[in-house]
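Let's take a walk through a protein model together. Have a look at the sequence and the 3D view, and then we'll go through some details.

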Amino acid sequence: MKVYTKTGDKGTTSLIGGKRVAKSDIHLEIYGTLDELSSFIGLLKCEYPDAETATSLDKIQKILTTINFVFACPDEETGSKFKFSVENIEWIENQIDTISTALPPIKDFLIPGSNKANAIANICRTVCRRAERNVYKMEILDCQKDAAIFINRLSDYFFVLGRKAEIKY
């Protein structure tokens, strides 16, 4: 099977279900940004020394794959085929709470870059925030609402993970 299809040579591509849209369509901005985030998460896994965090980052990458499907859908009917579980939101909130309880209170503005893991976690946070801003540029379908909430929580996760890296490594 060839990697290239030539169907996008004129600046359009297909969403799930076959609807053709411009490559500048907000759906592509969202899942392209989430794909970028997943790549930075892969880099973070290479730098973060604790296996438990690496396992969580693997899970996040898998969740982002589902979210990409959810936001690649042009309508509720197509999107309802890709169920995003509210349990993912509860899981990420528990991750944030667990990490946060071990951190000291914030007394100053935080500057990323105290070490490589901290810097990459903050890159993940800012890319995630960009994805969230893109999500809210479109009318969110019911099937996308929980995925949007997860993206919001995910940036908080990377914030506390960056703080953890600053203190521990």
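How many disulfides does the structure hold? It holds zero, where a disulfide is a pair of cysteine sulfur atoms within 2.5 Å. Take C46: the nearest cysteine sulfur belongs to C124 and is 11 Å away, and C46 is in no disulfide. C124 isn't in a disulfide either, with the nearest cysteine sulfur, that of C128, 8.6 Å away.

Before we go on, a word on the ground rules: this is a predicted model, so local features need pLDDT of at least 70 and side-chain atom pairs count only at pLDDT 80 or more, while totals for chains, interfaces and linings use all residues. Residues are numbered from 1 along each chain as its sequence is written, and side-chain values use heavy atoms, with hydrogens and water left out.

Back to those cysteines. C46 counts as exposed because its relative accessibility is 63%, whereas C124 counts as buried because its value is 0%. (Buried means under 20% relative accessible area, exposed over 50%, and partly exposed in between, using a 1.4 Å probe and protein chains only.)

Now for the rings. A pair of aromatic rings is described by the distance of the centres and the angle of the planes. The structure holds three aromatic pairs. To pair, rings of Phe, Tyr and Trp (its six-membered ring) need centres within 6.5 Å; planes under 30 degrees apart count as stacked, over 60 as edge-to-face and the rest as tilted. One of the pairs is F69 with F82, stacked at 5.1 Å centre to centre and 5 degrees between the planes. F69 sits in helix α2 and F82 in the loop between α3 (76-79) and α4, so this pair ties together parts 13 residues apart in sequence. F69 counts as partly exposed at 40% relative accessibility, and F82 is partly exposed too, at 24%.

Another pair is F84 with F150, which is edge-to-face: 5.7 Å centre to centre, with 65 degrees between the planes. Here F84 lies in the loop between α3 and α4 while F150 lies in helix α6, so the pair ties together parts 66 residues apart in sequence. Both F84 and F150 are buried. As for the helix names, helices (H or I, at least four residues) and strands (E, at least two) are DSSP runs, numbered from the N terminus.

Let's return to helix α2, where you'll also find Q61. Q61 counts as buried, at 16% relative accessibility. Leaving out residues up to four places away in sequence, Q61 touches S38, I41, G42 and K45, with contact meaning heavy atoms within 4.5 Å.

Finally, find the largest pocket, with about 220 Å³ of space. It is lined by 14 residues, and E52, T53, T98, I99 and K164 lie nearest its centre. A pocket is an open set of points on a 1 Å grid over the protein atoms alone, where a 1.4 Å probe fits, with protein on both sides within 12 Å along at least five of seven lines; lining residues have an atom within 4 Å of a point. Helices α2 (51-71), α4 (86-101) and α6 (145-168) each supply at least two lining residues, and α6 gives the most, with five.

Methods
Points joined across faces, edges and corners; volume = space filled by probe spheres on them.
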